[in-house]
Amino acid sequence: MSQYIEKIEKLMLPVVPLGDAVAFPPFPIDFESDNENIAPAIDAASATGMLVFLVSDDPNNADAAYPDNLCKVGTVAKIRQSIKNDDGGFHLLCECRARANAVEYRKVGKAVTASLICKEISLADNGGLRGEAYCRELRAALEEMLAFVGKASSAIRTEASKIDDPAILSDFIASAVLVRTADKQAVLNEYDPFDRCALLVHILKEECDLMRYEHEIQEKARGRIVQGQREYYLREQLKIIEDELGMNDNDPDDCTQKIREADIPDEVREKLFKENDRLSKTPFGSAEAAVLRNYIETVLELPWNKRTNDRVNVAAAKKILDADHDGMKKVKERILEYLAVKQLSPDLKNQIICLVGPPGTGKTSIAASIANAMNRKYIRVSLGGIHDESDIRGHRKTYVASMPGRIMAAMEKVGVKNPLMLLDEIDKLTSDSRGDPASALLEVLDPEQNKTFRDHFIELDFDLSECLFITTANTLDTIPRPLLDRMEVIELSSYTRREKLSIARNHLLPKQSKRHGLDGRKFRMTDDALYEIIDCYTREAGVRNLERTIAELCRKAAKKLVESEGSIKRITIDKSDIVSYLGGRKILPELSAKDDLVGVVNGLAYTEVGGDLLKIEVAVLEGTGKLELTGSLGDVMKESAKAALTYIRSVASDFGIPTDFYKTKDIHIHVPEGAVPKDGPSAGVTMTTALCSALSGIPVRHDVAMTGEVTLTGRVLAIGGLREKTMAAYSAGIKTVLIPADNEVNLEEVDEEVRANIKFITCRTASDVLSNALVRYPANDVFAENEKTEDGFDGGIGVIINNPAADIPAIRGKKHGN
């Protein structure tokens, strides 16, 4: 039985990197290299008797710095000859001696040295019978491999036949035959001779199998070619490879058949035939061929003549819209008008609508409902964050990986030429050096141009005039004016308290109950519970947080039912149960004060989440005439305070206020909550009333709220957001709301429930506001006594008395003018 002979030695030698070459002992290696690390290694070798450590680069650490990119196993060798070339490189002849494992690389001066464990394992008597068997197996594998090499050197066979030691034979064959550096390094890594032989046999057999498959592919291709046509030969080789892999499905003849059978305009068909002809002449597998095939397939997929039939039944469409969404009267009315006109004029086109409103108010979902009501296919294109014009108009097909823009990609996906296309978040387009996507949309949304829309990739006119475009935005401020001019804007206001209840009851609660495996027999919520969630746990213009809160309650109810193991059959959540499920109130409702206070006035504000009761407080102190404004007020609101102060100075004597108060008093105006930024002119009348009350000492009625901008002469100007502001007043328990007379026309937009429970008073001047807000009005008692209107109402006050028989309250009393 053969015995191993081991010899182990520790060395410290300079490192000579070989790149992708591998040195095997005991065979010499002759190589040239311009590696900058070789010169220091040769200099350092003079101290080690010209012994060096030859090592290859590690392909797994190619990105690492030298010497971390080197393998751990190399060869100890002695430099027999070193010649420096004219270009600065070196020609080295080295005698390889033994394998060695690098324990550590370290830099000594300019050279890198390796701490080595040199381990030599040889076989006694050449390994005996086992060694002879491995030698025969190695020679057989070598012969099989050399059979595929047309001009193999007979010297390799001759030299291999002379070697009887399997350890040396394996290293000889690996150095002479193997091509891949990884295979050579794997053989070098094996110290055990028998394991090394087994590994080399395995590698040789894999190489033989690979060369056999390559030979088969060449033989198949060679039978198809015409002699002398090298390009055709290469193309046929690729076809054979793709046939073997099942990838050859892009035949130009197949494209020709598809073009003939497609329902496309004649000019499109002619263009595709030209492109297909170019494809047939393009080298197979080239980048241009891939672009042409993609272009032809994309154009064929576009719906050039395919469309759906609109549902023009107004009553049926109204039923669908009402079932899907509560409220949204303006949007529904506009769509029903379109369908009515479509019924009378079937050729009606070019409808472009922009829905503007706060987040969560149903802009995106109503678009899908409209598509369902009209029996049109629905496709959504998100525009948020787009900053490249090519995203809209496409990339020219001269570029690799080019593609159509989002508009044409959406048309390809939806499959018809008259879909409802939703352009979502159009207010969030941006622009940079690559172009302005908003400008590219001008053609898409222009009724006079979109019938010949031209995408850079398609390069053909496509008719978009049959599309119904609906865009959504949260604000109009960031939409360019030319683009906004092309759209019909419909503003969606925030939902009222009653609308939120209806949406929760009819849509959100059934949806979440079904999603969480609950039904009416297992789970229900009362209206009071829903109102509690709306008022004290969610504060928003839309209903997204409301839906999340309902989902949370459904989860907790489902958990409670499962944990009860059948003892609880049904869970009913009432107002009193909300705290146990959701914890304490997250939002405390803003209520009006119970007493009439001096210098404290109920104002009304319009925020992103709807209306809000905005209390304004004024304190008057002894001082030198300073005006202090706090509460995170914006510039416009600060200017309103100054305008209100100037007006009070002009009427100070009418209210018994010292005319020099602006010199002897310090005035502090504060608007809670201090951490919330506030701005806008509509608090002008509120600040005027608060200043007058604080300076005169006359309390302000606690059940009165007001809104309006005030001028230096005391005129009250119109404001926005009346619907939301009045809803906030109603929720806070306000009984009377003072509004600008110019906003009288907006009262029909106010919620019916609010109109039925609040008295609205229209005011043209600040005097009208003060006379209705202050507990007593001392400005001119004689005038107030003598000046009576014909119907008995005080002059100077425009009063709207609620009329239960009418949708809009009747107006009474407007005798006293400016």
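Reader: Which strands each supply at least two residues of the lining of the second largest pocket?

Author: Those are β16 (600–607) and β17 (610–622). Strands here are DSSP runs of E with at least two residues, helices are runs of H or I with at least four, and both are numbered from the N terminus. This is a predicted model, where local features need pLDDT of at least 70, side-chain atom pairs count only at pLDDT 80 or more, and totals for chains, interfaces and linings use all residues. Residues are numbered from 1 along each chain as its sequence is written, and side-chain values use heavy atoms, with hydrogens and water left out.

Reader: How many residues does β17 give to that lining of the second largest pocket?

Author: β17 gives the most, with 5 residues.

Reader: And what is a pocket, anyway?

Author: Rolling a probe the size of a water molecule over the atoms shows where empty space is left. On a 1 Å grid over the protein atoms alone, where a 1.4 Å probe is used, a pocket is an open set of points with protein on both sides within 12 Å along at least five of seven lines; lining residues have an atom within 4 Å of a point. The volume is the space filled by probe spheres set on the points, which are joined across faces, edges and corners. For the second largest pocket, that comes to about 670 Å³. Of its 28 lining residues, those closest to the centre are Ala-605, Thr-607, Asp-612, Leu-614 and Lys-678.

Reader: What volume does the largest pocket have?

Author: About 1,100 Å³. It has 34 lining residues, and Lys-330, Glu-491, Ser-493, Arg-723 and Glu-749 are the closest to its centre. Helix α25 gives the most to this lining, with 3 residues.

Reader: Now the backbone. Where is the peptide bond cis, with omega near 5 degrees?

Author: Look at the bond from Pro-25 to Pro-26. Pro-26 sits in the loop between β1 (4–17) and β2 (28–33). Another cis bond runs from Pro-672 to Glu-673, with omega near -5 degrees. You'll find Glu-673 in the loop between β19 (665–670) and α24 (684–696).

Reader: What is phi of Asn-375?

Author: Phi is near 60 degrees there, a positive value in a residue other than glycine. Asn-375 belongs to the loop between α13 (363–374) and β8 (378–382).

Reader: Is Asn-375 buried, exposed or partly exposed?

Author: Buried means under 20% relative accessible area, exposed means over 50%, and partly exposed is in between (1.4 Å probe, protein chains only). Asn-375 has 40%, so it counts as partly exposed.
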